[in-house]
Amino acid sequence: MNLVSMCYFLFMTFDETYLTVDEYATLLRITPQTVRRLIRGGSLAVVKVGGQYRIAKSTIVSAPIDIGGTSKSDDQRAVAL
């Protein structure tokens, strides 16, 4: 087992569910481009697996993010999973 395979195995064995950029964008009803901008800006913690970003699903409810242009409260931004 090489290092990349081992890291992937360890990543997938955690009790956390991870989403792709597209899945995360769909749940938040924003574009994948906006998600990538948030990642580049440091607003989202991600794990990179095989060249693709993965975002912990728990970040949706635990840390509402400001996607700009809105004045919604945290309660209005939270997404029920």
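In which helix does T59 lie? Select T59 in this predicted model, and the residue is found in helix 4, which covers residues 59-62.

**Second stop: helix 2 against helix 3**

Next, select residues 21-28, which form helix 2, together with helix 3; the axes of the two helices come within 8 Å and cross at roughly 110°. Because of that angle, helix 2 is roughly perpendicular to helix 3. To see what makes the contact, show V21, D22, Y24 and A25 on the helix 2 side, and P32, V35, R36 and I39 on the helix 3 side. Coloured by residue class, the residues of this contact divide into six nonpolar and two charged, with no polar residue among them.

R36 has a relative accessible area of 38% and so is partly exposed, falling between the cut-offs of 20% and 50%. Leaving aside residues up to four places away in sequence, R36 touches V21 and D22. A distance drawn between the C-alpha atoms of R36 and D22 reads 9.8 Å, for two residues that are 14 apart along the chain.

Now move to T34, which also has its place in helix 3. T34 is buried, because its relative accessibility is 16%. Its side chain makes a polar contact of 2.9 Å with the side chain of T31.

Finally, switch to a cartoon view and select the three strands, which form an open sheet in the order 1-3-2 with antiparallel pairing. Strand 1 (18-19) and strand 2 (46-49) are the edge strands, each of them pairing on one side only. Follow strand 2 across to strand 3, residues 52-56, and the two are seen to pair in the antiparallel sense over four bridges. To end the tour within this sheet, select V47 and look across to strand 3, where its bridge partner is R54.

Methods: Residues numbered from 1 in each chain as written. Predicted model: local features only at pLDDT ≥ 70, side-chain atom pairs only at ≥ 80, totals over all residues. Heavy atoms only, no water. Buried < 20%, exposed > 50% of the residue type's maximum accessible area, 1.4 Å probe, protein only. Contact = heavy atoms within 4.5 Å. Axes fitted to C-alpha atoms, helices over the stretch in contact; angles between N-to-C directions. Parallel < 35°, antiparallel > 145°, perpendicular 65-115°, else oblique. Nonpolar A, V, L, I, M, F, W, Y, C, P; charged D, E, K, R; others polar. Polar contact = N/O pair within 3.5 Å; in protein donor to acceptor, adjacent residues only side chain to side chain. Pairing = 2+ DSSP bridges.
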